[in-house]
Amino acid sequence: MSARTTTEELGPVTTLATPIRLDFEFTPGVAQSRFLRGLEKGKFVGQRCPTCGKVYVPSRGSCPTDGVPTTEDVDLGNVGTVTTYCVVNVPFAGQSIEIPYICAQVLLDGANISFMGLIQEIPTDEIRMGMRVEAVWVEPEELTPSLASVRYFRPSGEPDADYETYKDYL
Amino acid sequence: MPESEALHASHVLEFPYSRSVGPVIGAFLTGLRDGKLSGVRGAGGSVIVPPTEYDPATGDDTGELVEVGPGGVVESWAWVSNPLPKHPLATPFAWALIRLDGADTAMLHVVDAGGPDQVATGGRVTVRFRPAGDRIGAMADIEAFIPEGGAA
């Protein structure tokens, strides 16, 4: 096989690859490290504000309302409520999940803030606010201090939560 | 590791952009792929390398492509003793502004010299292209400049 090297064979140059690459040494800080270590053990760990009593997950180490350090760790359950969601139908570069898929805000039981999770094992047109979902974790030997330890959330089978229980978290 | 300590990890953020180069820079890059250096004739007759679509002094359209080099003169340089992974050469080298023969402007590239004592302002260098099959139409098709008649 002879390589094509001449302009007659290749045509003129019209584009140039110009990748931008940034190499970081990232630290999530002490508080989020506790959350990440919890993920490594297959559980969600939040922190409670000593002033207002709200539980943040993942915790940033302080209460955004009261400005005080959150020192008490709280083990949260595996089950929560979908407060709101988005069905993703648009393909984009680097997409790793087959479309359509559901991206939802999940309010874990016992937490006072929701966080984003992938919802699977349900047709996308059946997702709804108030749906009760549970986390599905990777195999125990695959757990790492990363959100990759949570494969996704799926319907838990419980009846939908009352709107009153999550209306303050929308 | 104690539970109180913060985790850390390396993290890479990369955007795989590509851009269209237009007719003038495209012709320059096509020339590099063919193992040729080219500039463009500016408004006052000066030769601009690398070529631009517009004369930087007057804003007028530039004219014909002109072949330049392969030799040139170092106008300014800085020695890099400890190359980083992103640098074009793995061994110590000089960044240099090189005015190619036939050009009126200097172009930034690297000089692969054995040491800083082998690079000089006003010194002559010549181009070393990558092998034809490795050239893709990019600045790195020029592997380096080397001192004219020099060792490296």
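This is a predicted model: local features need pLDDT of at least 70, side-chain atom pairs count only at pLDDT 80 or more; totals for chains, interfaces and linings use all residues.
Trainee: What makes the reach of helix H2 (residues 29–40) of chain A close to the expected one?

Mentor: The expected span is 1.5 Å times one less than the number of residues. H2(A) has 12 residues, for which 16 Å is expected, and the helix reaches 16 Å from its first C-alpha to its last.

Trainee: Which residues of H2(A) are called buried, and what covers them?

Mentor: Buried means 20 or more other C-beta atoms within 10 Å; exposed means 12 or fewer, partly exposed in between, with C-beta atoms placed from the backbone. In H2(A), A:Ala31, A:Ser33, A:Arg34, A:Phe35, A:Leu36, A:Gly38 and A:Leu39 are buried. Their cover includes S2, strand S3 (44–48), strand S5 (72–76) and strand S10 (150–155) of chain A, together with S1 of chain B. Just after H2(A), A:Gly42 takes a positive phi of about 80°.

Trainee: What makes a set of residues a nonpolar core?

Mentor: Its members are buried Ala, Val, Leu, Ile, Met, Phe, Trp, Tyr and Cys, joined through C-beta atoms within 7 Å. The largest such core holds 29 residues, and B:Ala94, B:Ala96, B:Val111 and B:Phe145 touch the most other members. Several elements of chain B each supply at least two residues of this core, including helix H1 (22–33), strand S7 (93–100) and strand S10 (142–147). S7(B) gives the largest share, 5 residues. Apart from this core lies another, of 18 residues, among them A:Leu36 and A:Val82.

Trainee: How many residues does each chain bring to the contact between A and B?

Mentor: Two residues are in contact if their C-beta atoms, placed from the backbone, lie within 7 Å. Chain B brings 28 residues and chain A 27. On the chain B side, strand S1 (7–15) supplies the largest share, 9 residues. That side divides into 13 nonpolar, 10 polar and 5 charged residues. Here Ala, Val, Leu, Ile, Met, Phe, Trp, Tyr, Cys and Pro count as nonpolar, Asp, Glu, Lys and Arg as charged, and the others, Gly among them, as polar.

Trainee: How do you know that S2 of chain A and S1(B) pair?

Mentor: Pairing takes at least two DSSP bridges between two strands. Strand S2 (residues 20–28) of chain A and S1(B) have 7, so they pair, in the antiparallel sense. One of the partners in S1(B) is B:Val12, bridged to A:Asp23.

Trainee: Which peptide bonds are cis?

Mentor: One joins A:Ile99 and A:Pro100, with omega about -5°. Another runs from B:Val49 to B:Pro50, with omega near -10°.

Conventions: Residues are numbered from 1 along each chain as its sequence is written. Chains are lettered from A and ligands numbered from 1 in the order in which they are written. Helices (H or I, at least four residues) and strands (E, at least two) are DSSP runs, numbered from the N terminus.
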